[in-house]
Amino acid sequence: MNPNLDRLQPYPFQKLNKLFEGAAPEQAYSPISLHIGEPKHATPDFIRQAVTENLAGMAVYPTTLGARSLRTSIAAWLTRRYRLPEIDPETQVIPVNGSREALFSFAQAVIDPSRAEAIVVCPNPFYQIYEGAALLAGATPHFLNTMPENDFALDYGQLPEDTWSRCQLVYVCSPGNPTGRVMSMDEWRYLFELSDRYGFVIASDECYAEIYFDEDAPPLGALEAAHRLGRSGFPRLVVFSSLSKRSNVPGMRSGFAAGDASILKKFLLYRTYHGSAMNPAVQAASKSAWDDEDHVVENRRLYREKFQAVTKSLQESLQVSMPDAAFYLWVRTPGSDVQFTRELYRNYNVTVLPGSYLARHANGINPGENFIRIALVAPLAECVEAVQRIKMLVSA
């Protein structure tokens with residue numbers, strides 16, 4: 001077996017299940033689950049209909065590159081959303097089966113195992129797929145701690161010259177999981193400068209980019225930043241996005257990779273062997289989803305309503321701020337995040353995720369310690385009720 005499999009750590013939800021062993025929840029309270037970032041809003045009917053109307057496509061093998069109609073819709077969406085002059089659907093877009101599989105497989109295609117001591121840089125806390133992708137590509141992950149005193153910004157100076165010189169891939173997530181922070185133009189400028197200097201590829205995870213709170217101020221994206229900085233062709237930059245959060249279709253497994261055409265050409269070659277072509281019925285439904293914005297505006301309204309209903313109330317008991325975007329609250333706990341999570345589950349039947357489960361020790365600390373991640377994916381009433389129970393635990 002691949003020895004790198006032994007380097008993988010348990011997934012956060014596996015650790016959570018173990019934490020709850022022997023802690024039967026108080027039956028006086030109905031269960032409320034806010035630990036998994038799984039959208040719970042209804043899937044729009046027109047997307048469901050598009051799936052059923054295109055089931056005949058199941059009778060043929062799909063191409064790895066996907067239908068041109070889908071790639072054209074994605075390219076058109078990108079140009080509208082990020083005010084880009086043009087995206088070539090033939091060379092700069094690849095449909096993928098959800099951003100998760102593509103973020104993972106991308107490292108397998110990018111990392112050059114002939115270069116000694118390959119490094120992949122990730123934010124910390126982070127989405128664990130980045131770490132697993134690095135390890136199974138034979139690279140070593142190095143982490144950039146994102147701290148509250150620095151507004152959770154990426155501090156590239158945490159890593160020495162020698163680390164950057166061996167770096168082959170950098171994962172970033174904007175809006176971030178779990179903090180919801182959006183990278184600024186200055187952060188992008190400096191990251192691009194580092195990429196130019198050391199030659200590493202940037203993988204920008206933007207699966208939360210369509211959940212934000214001001215309709216007139218959508219989050220800055222990597223392709224938009226590159227274009228505004230005059231980086232023609234998006235050198236060494238690939239963006240990953242998804243319909244899961246945007247359109248409430250996590251089970252459809254539909255997203256895309258877009259950016260540097262030369263990198264995507266090699267990534268496509270890898271994917272033809274990887275066997276990751278998208279279901280034709282899903283492709284048709286995905287095109288319908290990317291072509292429509294009304295359902296996305298309504299989706300944001302529902303999240304905005306929940307954030308408005310719970311954030312101020314929670315601030316009465318705990319330290320928490322509104323994120324820039326996404327559907328998480330990153331909440332500081334009065335003590336151990338692990339103990340707080342266990343007591344909240346046992347005493348009040350509310351499930352959240354300890355922040356330390358989303359991070360690794362780096363530079364002497366675990367930057368997720370004494371934080372919890374709350375995913376506001378449950379119905380409004382359940383989110384409001386959960387906050388009341390959290391406040392009861394704090395005051396107990």
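Colleague: Why does arginine 83 count as exposed?

Modeller: The model is a predicted one, and in it arginine 83 has a relative accessibility of 52%. Exposed means over 50%, so at 52% arginine 83 counts as exposed. Its place is in the loop between helix 3 and strand 2 (93–96), and its phi is near 55 degrees, a positive value in a residue other than glycine.

Colleague: How do you know whether glutamate 117 is buried or exposed?

Modeller: The relative accessible area of glutamate 117 is 57%, and because the word exposed is used for values over 50%, glutamate 117 is exposed. Glutamate 117 is found in the loop between helix 4 (99–110) and strand 3, and its phi, near 55 degrees, is a positive value in a residue that is not glycine.

Colleague: What makes threonine 72 partly exposed?

Modeller: Threonine 72 has a relative accessible area of 33%; buried would require a value under 20% and exposed a value over 50%, so threonine 72, lying in between, is called partly exposed.

Colleague: Why are helix 2 and helix 11 called roughly antiparallel?

Modeller: Their axes come within 8 Å and cross at roughly 150 degrees, and because angles over 145 degrees count as roughly antiparallel, that is the description given to helix 2 and helix 11. The crossing in which helix 2 passes helix 11 is right-handed. On the side of helix 2 the contact is made by Phe46, Ile47, Ala50 and Val51, and on the side of helix 11 by Ala281, Ala284, Ala285, Ser288 and Ala289. Sorted by class, this contact of helix 2 with helix 11 has 8 nonpolar residues, 1 polar residue and no charged ones.

Colleague: What makes helix 12 roughly parallel to helix 14?

Modeller: Helix 12 and helix 14 pack at an angle of about 10 degrees, with their axes 9 Å apart. Since angles under 35 degrees count as roughly parallel, helix 12 is roughly parallel to helix 14. In their contact, Glu305, Lys306, Ala309, Val310, Ser313 and Leu314 of helix 12 meet residues of helix 14 including Leu380, Cys383, Val384 and Val387. The residues of this contact of helix 12 with helix 14 divide into 8 nonpolar, 2 polar and 3 charged.

Colleague: How do you know that the span of helix 12 agrees with its number of residues?

Modeller: At 1.5 Å a residue, the 22 residues of helix 12 (residues 294–315) should span 32 Å, and the C-alpha atoms at its ends are 32 Å apart, so the two values agree.

Colleague: Which parts of the structure do the buried residues of helix 12 pack against?

Modeller: They pack against helix 2 (45–53), helix 9 (243–247), helix 11 (280–291), strand 9 (328–332), strand 12 (371–375) and helix 14 (380–395). Among these buried residues of helix 12 are His295, Val296, Tyr303, Phe307 and Leu314.

Methods
Residues are numbered from 1 along each chain as its sequence is written. This is a predicted model: local features need pLDDT of at least 70, side-chain atom pairs count only at pLDDT 80 or more; totals for chains, interfaces and linings use all residues. Side-chain values use heavy atoms; hydrogens and water are left out. Helices (H or I, at least four residues) and strands (E, at least two) are DSSP runs, numbered from the N terminus. The expected span of a helix is 1.5 Å times one less than its number of residues. Buried means under 20% relative accessible area, exposed over 50%, partly exposed in between (1.4 Å probe, protein chains only). Contact means heavy atoms within 4.5 Å. Axes are lines fitted to C-alpha atoms, for helices over the stretch in contact, and angles run from 0 to 180 degrees between N-to-C directions. Angles under 35 degrees count as roughly parallel, over 145 as roughly antiparallel, 65 to 115 as roughly perpendicular and the rest as oblique. A crossing is left-handed if the near helix is turned anticlockwise from the far one by less than a right angle, and right-handed if clockwise. Ala, Val, Leu, Ile, Met, Phe, Trp, Tyr, Cys and Pro count as nonpolar, Asp, Glu, Lys and Arg as charged, and the others, Gly among them, as polar.
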